[in-house]
Amino acid sequence: SYQSAQPFPFEKSPSAVAAAEREALLRNPGFGRVFTDHMVTMRYSQEHGWHDGKIGPRGAFPLDPATLVLHYGQEIFEGMKAYRLPDGGASLFRPDANARRFRSSAERLAMAPLPEELFLQSVRALVRTERDWIPAAEGASLYIRPFMFATEVLLGVKPSAEYLYCIIASPVGSYFKSGAPAVTLWVSETYTRAAPGGTGAAKCGGNYAASLAAQAEATAEGCEQVVFLDAVERRWVEELGGMNVFFVFDDGSLQTPPLGGTILPGITRDSLIVLARDLGLTVREEPYAIDQWQADARSGRLTEAFACGTAAVVTPIGTVKGRRHGFTIGEGGAGPVAARLKAALLDIQNGRAPDRHGWLDRL
Ligand code: PLP
Ligand code: COI
């Protein structure tokens, strides 16, 4: 029930950052540390539906201490990137898929779903406003973070009657500190990420809050990411703390865990399945056991493994450690299949290769 002749009107505000300073920040942005000048906000209430959508200066929210999200965690988010094109323009990659996933996350968290068209309009409007913040360097992009949370002031445990939707943007380089050709994983035996019937397939803050103790254990063990096993048998590889996972075998085939409601349906995962099949490779969406992974890595039947996601793009996995496991994949570095798929994906996202699947949204 959104009514506005001009959705997301632009509230002109001076940049907090001078052009020269911005250029310096864009040269080495890291991940999620630098933010652009503006944000989208839009409110939902049962009485008015979605309303008051606008782009204004980025700033703090005043929150009543009894705001529902602070107590029961009713919050969802998305992660996507805007890319610089060779002609100086900008693109988004499959934003319709993020809009769909945001709606299904909202439904799982019993939140007011945001119409997909409003999600798309708001993301495009912010990227157009912040186009000077899209880095031009290879591998860099403008990370877009739409999110929504419960704003009703109440301590009753029930779905909020009011929500705030917001989008912020952050120029980013690679997620992992550059230098290492591959990351090391820690197999979590203590913790699981999501159980059948839970929120594993939704992109909600609570999933990440629940993963932090496992991630801290991984960090303490000298590993970059945690790999979660299924909650029922503690046997099947599900995904990493913030990315999906693929396995590559010596017959050239690929395998990735199936979407069964406990892992996030990654848009990168889906795109790589399509691109791998375009390259003539066989891809199976089938469960893979952690013990099998170790046996296959040791025998050489497994030649590569890699993580994938918006933030991680395609990141080779070199070593896997755990209380009951320890093995190195191939030579412990980047493999050719991961490199080929990463190049194919980045070439489409950056407008260097033909967009055969209609994935690019040019702005
Ligand atoms: N799995 C988890 C837990 C994630 O946080 C992400 C990142 O968004 C992914 C997988 C990959 O999803 P996508 O490729 O849509 O970014
Ligand atoms: C993303 O890739 O967008 C994520 O949300 C993952 C997170 C590790 C930043």
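I started at Ala201, which sits in the loop between strand E8 (183–187) and helix H5 (205–220). The helices (H or I, at least four residues) and strands (E, at least two) I quote are DSSP runs, numbered from the N terminus.

Before going on, I noted that this is a predicted model, where local features need pLDDT of at least 70, side-chain atom pairs count only at pLDDT 80 or more, and totals for chains, interfaces and linings use all residues. Residues are numbered from 1 along each chain as its sequence is written, while chains are lettered from A and ligands numbered from 1 in the order in which they are written.

**Ala201, continued**

Buried or exposed, or in between? I found 19 C-beta neighbours inside 10 Å, so Ala201 counts as partly exposed. The scale I used calls a residue buried if 20 or more other C-beta atoms lie within 10 Å of its own, exposed if 12 or fewer, and partly exposed in between, with C-beta atoms placed from the backbone. Leaving out residues up to four places away in sequence, Ala201 touches Gly261, Thr262, Ile263, Leu264 and Pro265; contact here means C-beta atoms, placed from the backbone, within 7 Å. I also checked Ser105: it is 96 residues from Ala201 in sequence, yet 7.7 Å away in space, C-alpha to C-alpha.

**H3 against H4**

Next I looked at helix H3 (residues 95–108) and helix H4 (residues 116–129), whose axes come within 9 Å and cross at roughly 130°. The axes are lines fitted to C-alpha atoms over the stretch in contact, and angles run from 0 to 180 degrees between N-to-C directions. H3 and H4 are therefore oblique to each other. For that word, under 35 degrees is roughly parallel, over 145 roughly antiparallel, 65 to 115 roughly perpendicular, and the rest oblique.

Which residues meet? From H3 I listed Pro95, Asp96, Ala99, Arg100, Phe102 and Arg103, and from H4 Glu116, Phe119, Leu120 and Val123. I sorted this contact into 6 nonpolar, no polar and 4 charged residues. My classes: Ala, Val, Leu, Ile, Met, Phe, Trp, Tyr, Cys and Pro are nonpolar, Asp, Glu, Lys and Arg charged, and the others, Gly among them, polar.

**Two positive phi values**

Most residues other than glycine have a negative phi. Arg94, in the loop between strand E5 (90–93) and H3, has a positive phi of about 50°. Arg94 is partly exposed, with 19 other C-beta atoms within 10 Å. Val313, in strand E15 (residues 313–321), also has a positive phi, about 55°. Val313 is buried, with 22 other C-beta atoms within 10 Å.

**Ligand shells**

Around ligand 2 I found Gly79, Gly242, Gly309, Thr310 and Ala311. That shell has 1 nonpolar, 4 polar and no charged residues.

**Thr328**

Last, I looked up Thr328 in strand E16 (residues 326–328). Thr328 is partly exposed, with 16 other C-beta atoms within 10 Å. Beyond its neighbours within four places in sequence, Thr328 is in contact with Ala297, Gly318 and Thr319.

Note on methods
A residue is near a molecule or strand if its C-beta atom, placed from the backbone, lies within 6 Å of it. Two residues are in contact if their C-beta atoms, placed from the backbone, lie within 7 Å.
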